[in-house]
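Dear colleague,

My notes on it follow directly after.

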Amino acid sequence: VVVPHGNAVRLMDATDHWFGFGSDAVWTLFHSYAFDFSVWELWGPLLYGGRLVVVSYETSRAPDRLLKLLVDERVTVLNQTPSAFYQLMAADREDPELGARLALRHVVFGGEALEPGRLTDWYTRHADDAPSLVNMYGITETTVHVTHIALDEVTAATSAGSVIGVPIPDLAVYVLDEWLRPVPAGVVGELYVVGAGLARGYLGRPGLSSERFVADPFGAPGSRMYRTGDTGRRLADGRLEYAGRIDD
């Protein structure tokens, strides 16, 4: 996937009003640099002048050791797949005194569907904003993140599905049927992404690029949209909910 450096820079700019990262932030490089989540983990401290803690493979597979590392290094920004965070939650539950010493400000979820109801256990020990738990749906072809929602205890307890929130300000998400027509709120359709985060295409694969990066029928001449292959619905309040893969 050909992603210009400028796409990563605009990702941080477009989300700055939500996070307000600064030079005092301490990030972790938890994921492999082959996983697009690492772009967010690496460019964040580089752009804002923060500190980056490189998590060893062994520690990344041992939730109790990760919890201790987060406390010892005073980490403030943690990026996790939901499945990894569920394991960290268990370690936090088993050692609440250590968990109470966390300096985390933001935990950002990505990479797979979140089950909000599983976070209720976390909220029995931690306040809504200490740290703030954020779900961000995204894809490599749209430069890591597409949407954002700040979660809280009420959302975790009441959300039946995987709520992914609203698009980043310089992106838009269409929910379309098989004829590329917008579907009504509450109806499942395929998710299409438009805006500044789109990659140029697939290196050396023009056929696949033209199949996935298609003309935007709602935009200016020459504009494109990315066909994600994911399905979702727009809720009555305008937020998006992830429903799965189109071939599920």
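The side chains of Glu73 and Arg51 form a salt bridge, with an N to O distance of 2.9 Å. Please note that this is a predicted model. Arg51 belongs to strand β2 (residues 51-54), while Glu73 sits in the loop between α4 (63-72) and β3 (77-80), so the pair ties together parts that are 22 residues apart in sequence. Glu73 is partly exposed, at a relative accessible area of 27%, and Arg51 is likewise partly exposed, at 39%.

The count of salt bridges comes to 13. Among them, Arg239 and Asp237 meet at 2.8 Å, N to O, and Glu115 and Arg118 at 3.7 Å, N to O. A network of salt bridges links Asp92, Arg93, Asp121 and Arg125.

Turning to the helices, the axes of α1 (residues 5-19) and α2 (residues 37-48) come within 10 Å and cross at roughly 75°. As angles of 65 to 115 degrees count as roughly perpendicular, the two helices are therefore roughly perpendicular to each other. Residues making the contact include Met12 and Phe19 of α1 and Trp40 and Trp43 of α2. By class, the contact has ten nonpolar, three polar and one charged residues.

Finally, Gly110 is found in the loop between β4 (106-109) and α7 (120-123). This residue, Gly110, is buried, with a relative accessible area of 3%. Leaving aside residues up to four places away in sequence, Gly110 touches Phe37, Gln80, Thr81, Pro82 and Met136.

With kind regards

Terms used: Residues numbered from 1 in each chain as written. Predicted model: local features only at pLDDT ≥ 70, side-chain atom pairs only at ≥ 80, totals over all residues. Heavy atoms only, no water. Axes fitted to C-alpha atoms, helices over the stretch in contact; angles between N-to-C directions. Helix = DSSP H or I, 4+ residues; strand = E, 2+ residues; numbered from the N terminus. Parallel < 35°, antiparallel > 145°, perpendicular 65-115°, else oblique. Contact = heavy atoms within 4.5 Å. Nonpolar A, V, L, I, M, F, W, Y, C, P; charged D, E, K, R; others polar. Buried < 20%, exposed > 50% of the residue type's maximum accessible area, 1.4 Å probe, protein only. Salt bridge = Lys/Arg side-chain N within 4 Å of Asp/Glu carboxyl O.
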